[in-house]
Amino acid sequence: MEIKTQKCPYAKKCGGCQLDGRSYQDYLAEKERWLNELLAKEAKNLFDGRIHLTGMQDPYHYRYKCNAAFGWKKDGTVLAGSYMEKTHQICDRDDCLIENKKADEIVVEVKKLLPSFKIKVYNEDTGYGWFRHTMVRVSRATGKVMLILVAVDSVFPSKNNFVKALLKKFPEMETVILNVNEKQTNMVLGDRNITLYGPGFIEDTLCGLKFRISPGDFFQVNPVMTEQIYETAKKFAKLKSTDTILDAYCGIGTIGLTAASKVANVIGVELNKDAIRDAKKNAQRNKINNARFFAGDAGDFITELAEDEETPLDVVFLDPPRSGTTEEFVKAIQVKKPSRVVYVSCNPETLSRDLTLFHKIGYITKQMQAFDQFPFTGHAEVVTSLVLK
């Protein structure tokens, strides 16, 4: 199906994507060439010698989690948007072709409300001001919205009226949270969350299961493609009813819980304690009784698991951050010797490095499939299956 090309009015200034007027088909072809060049050694061992890239039917407005940085001009005009490429200058914009439309509307409304409530926007250079960012999460399943307001401290005198003004315009807003980030950092969120309205989380559906999502939880920004990615990961794993699987870097338990009905036991590990709390609640919410979740470093956890002779390990799913996994993690896998490893990567460059580590301990690449999880950007998601020789 031919996808109509949309032109972005901010393309020359904004660094959020590479939407410069070319067709989506051209983007896909270029990205697939890049993947095959980067992973050439792996690709040549595949069935037809190529890694194939699956695109989206509709590659626009796919981001259900959106961040906006805030700033201001010398005349006091409030700016909100993404940073211009390789700068900390904000590209002020009211909409975005890759972000959820409702999320963009909410950011615009926050931008309008700040001056009327006499709220000063933070300045990175001087340290003056209070308001820093917004993060908006939209549930694809329900349309409900979580709005996170990021500020330098918890003092928010007009918070009740500010929230009322937002709810009046956006009744679908289910929860509003004030996140405190007083550090000089590139990280959007700080460590402290204060719920101003609602339950402090939203729910979404993925692969037929319900998931609770808190402010700092990792939940894929593009749920449409995520379902295809997870189904492919489970297919590559060739799951059996007697299997015990490890879901490493499990977040809120998405991969492990969607696979739980096909296996005997699921073990999940994640460094973020809040995410583990939500993973346990997600298991309860979906009446899944064969999954256990632990807070900790994935490398340390599997090292300890390697010393536990009574716990078998048949399959490992790993979905690490962009930095990839560690040599310690791979070495620990060598002790337990699971017959199958499925690596879900959001960074093909670190994937290439990590696959070399797996090859050194006796695993071979069996299958690879790429997905355009982030259309019009230089990123792709790659699912790889490895089997023990």
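User: Happy to dig into this one with you! Which loop holds K118?

Analyst: K118 sits in a loop between two elements named from DSSP runs, where helices are H or I runs of at least four residues and strands are E runs of at least two, numbered from the N terminus. This is a predicted model, in which local features need pLDDT of at least 70, side-chain atom pairs count only at pLDDT 80 or more, and totals for chains, interfaces and linings use all residues. Residues are numbered from 1 along each chain as its sequence is written, and side-chain values use heavy atoms, with hydrogens and water left out. The loop holding K118 is the one between α3 (101-116) and β5 (131-138).

User: Thanks! Is K118 buried or exposed?

Analyst: Buried means under 20% relative accessible area, exposed over 50%, and partly exposed in between, with a 1.4 Å probe and protein chains only. K118 has 72% relative accessibility, so K118 counts as exposed.

User: What is the phi of Y249?

Analyst: Most residues other than glycine have a negative phi. Y249, in the loop between β11 (244-248) and α6 (254-259), is not a glycine, yet its phi is positive. The value for Y249 is about 55°.

User: Nice. At what distance does the side chain of N181 reach the backbone oxygen of V188?

Analyst: N181 lies in the loop between β7 (173-180) and β8 (192-197), and is buried with a relative accessible area of 1%. A polar contact is a pair of N or O atoms within 3.5 Å; within protein, one must be able to donate a hydrogen and the other to accept it, and residues adjacent in sequence count only if both atoms are side-chain atoms. A polar atom of the N181 side chain is 3.0 Å from the backbone oxygen of M187. For the backbone oxygen of V188, the distance is 3.1 Å.

User: With which residues is D278 in contact, leaving aside its neighbours within four places in sequence?

Analyst: D278 belongs to helix α7 (residues 273-285) and is buried, with a relative accessible area of 0%. Contact means heavy atoms within 4.5 Å. With those neighbours left aside, the residues in contact with D278 are R212, I213, S214, D217 and I252.

User: Which residue in β10 stands opposite I202?

Analyst: β9 runs antiparallel to strand β10 (residues 209-213), joined by five bridges; two strands pair if DSSP finds at least two bridges between them. The two form a hairpin with two residues between them, and C207 in the turn has a positive phi of about 50°. Opposite I202 stands I213.

User: Great, now the helices. How do α8 and α9 lie, roughly parallel or roughly antiparallel?

Analyst: Axes are lines fitted to C-alpha atoms, for helices over the stretch in contact, with angles from 0 to 180 degrees between N-to-C directions. The axes of α8 (residues 298-306) and α9 (residues 327-336) come within 8 Å and cross at roughly 20°. Angles under 35 degrees count as roughly parallel, over 145 as roughly antiparallel, 65 to 115 as roughly perpendicular and the rest as oblique. α8 and α9 are therefore roughly parallel.

User: Last one! Which are the edge strands of the open sheet of eight strands?

Analyst: The order is β1-β16-β17-β15-β14-β11-β12-β13, with mixed pairing. Each edge strand pairs on one side only, and these strands are β1 (53-54) and β13 (291-295).
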